Amino acid sequence: MQNNVGVLCKLAVHNKKIIMTVRQSSDMAKFKQCLKEAKHIVVLSGAGISAESGIPTFRGAGGYWRKYEASSLATPGAFKNSPSLVWEFYHYRREVAAKAQPNAGHIAIANYELRNCKDKTVTVITQNVDGLHARAGTQNLIELHGNLYKTRCTKCKEVLINNDSPICEALANRGAPDSKIVGSDIPVKSLPHCKKCDGLLRPHIVWFGESLEPTVLQKAGEVMEDCDVCLVVGTSSVVYPAAMFAPQAAARGAVVAEFNIEPTPATTSFHYYFQGPCGSTLPEALSD
Ligand SMILES: NC(=O)c1ccc[n+]([C@@H]2O[C@H](COP(=O)([O-])OP(=O)(O)OC[C@H]3O[C@@H](n4cnc5c(N)ncnc54)[C@H](O)[C@@H]3O)[C@@H](O)[C@H]2O)c1
Ligand SMILES: [Zn+2]
């Protein structure tokens, strides 16, 4: 199946023209030397960087909420079918992320940017929606898939920051992930609504099947095109378009290092692979 440019979807197979096998190393000292010489550095992060903060990823045991595969609720169809169910899911995710703290991985990246911003550009491109990079102090941040603490009106399209907990009265004490809970029955009129036009609000998140914001996608593309070193952290590299960023950078000659607890479909196209929890591997890689 051909992808529409910029539409969020899971890749069935990686593009063989882009994924090529390179000679791979896990020599940390060598990688740190590359970082030292680099001028433009990108960190491309995914759900795995927040796993050590207690935020479930979409893969593995944490990939379920109640009986649902988490990614099946991150779709416009699911919201249309049951805005109540999808709001419960997002209310749960907002509450979990609000209580979580940035971990050693987020902090190592933010501190690296702070120490090096005079003579390098350091940009974080994240697929995460939990806000933890910003809370760790990252300044130069591109949030590809939106943010749990932003809402968008389905009618007038206004985007607003919203940190309310709960986001509305009707969602108080809702959203428990227990697989025995069946259905969701909050009337639509009691879900979050726009103060201006009274339209139903939705999370300002790019769902599967939806397009990334063109300006965000373009900015990420430019930064990827310019980088000489890219750190790919805690992402399964199966969610398009982000999944293609690092293999494309590696194919044009940038040094790419992957930090993950297990290999991914893209691992063999990267120059470095550092296996392990990134709360341990990143502080080592990004220390002076
Ligand atoms: N925290 C969040 O904001 C969050 C959480 C779940 C899903 N999502 C969304 O779901 C989609 C999922 O794609 P994805 O690739 O980001 O995540 P993913 O869930 O598909 O994959 C997570 C990856 O992280 C790795 N991982 C797990 N723990 C790790 C650790 N401690 N250190 C290093 N690596 C670790 C796993 O091996 C896996 O490859 C994205 O669109 C993202 O927006 C976001
Ligand atoms: Zn509105």
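User: What does the secondary structure of the protein come to?

Analyst: Welcome! The protein has 9 helices and 13 strands. Both are DSSP runs numbered from the N terminus, with helices being H or I over at least four residues and strands being E over at least two. This is a predicted model, in which local features need pLDDT of at least 70, side-chain atom pairs count only at pLDDT 80 or more, and totals for chains, interfaces and linings use all residues. Residues are numbered from 1 along each chain as its sequence is written, while chains are lettered from A and ligands numbered from 1 in the order in which they are written.

User: Why does histidine 145 count as buried?

Analyst: A residue is buried if 20 or more other C-beta atoms, placed from the backbone, lie within 10 Å of its own, exposed if 12 or fewer, and partly exposed in between. Histidine 145 has 21 such neighbours, so histidine 145 counts as buried. Across the protein, buried residues make up 41% of the 288 residues.

User: Where does histidine 145 lie, and what is histidine 145 in contact with, leaving aside neighbours within four places in sequence?

Analyst: Histidine 145 lies in the loop between β6 (141-143) and β7 (146-153). With those neighbours left aside, its contacts are Gln127, Val129, Ile205 and Val206. Contact means that the C-beta atoms of two residues, placed from the backbone, lie within 7 Å. UniProt, in an unreviewed entry, lists His145 for "active site"; such annotations may be inferred rather than shown by experiment.

User: What makes ligand 1 lie between domain 1 and domain 2?

Analyst: Domain 1 (1-55 + 102-145 + 211-288) and domain 2 (57-99 + 147-205) both give residues to the shell around ligand 1, so ligand 1 lies between them. These bounds come from an automatic or database domain assignment. The shell holds 26 residues, and Gly46, Gly48, Thr57, Asn128 and Ser236 come nearest.

User: Why does the radius of gyration agree with a compact globule?

Analyst: The globule rule is 2.2 Å times the number of residues to the power 0.38, with the radius taken over C-alpha atoms. For 288 residues a compact globule would come near 19 Å, and the protein has 19 Å, so the two agree.

Terms used. A residue is near a molecule or strand if its C-beta atom, placed from the backbone, lies within 6 Å of it.
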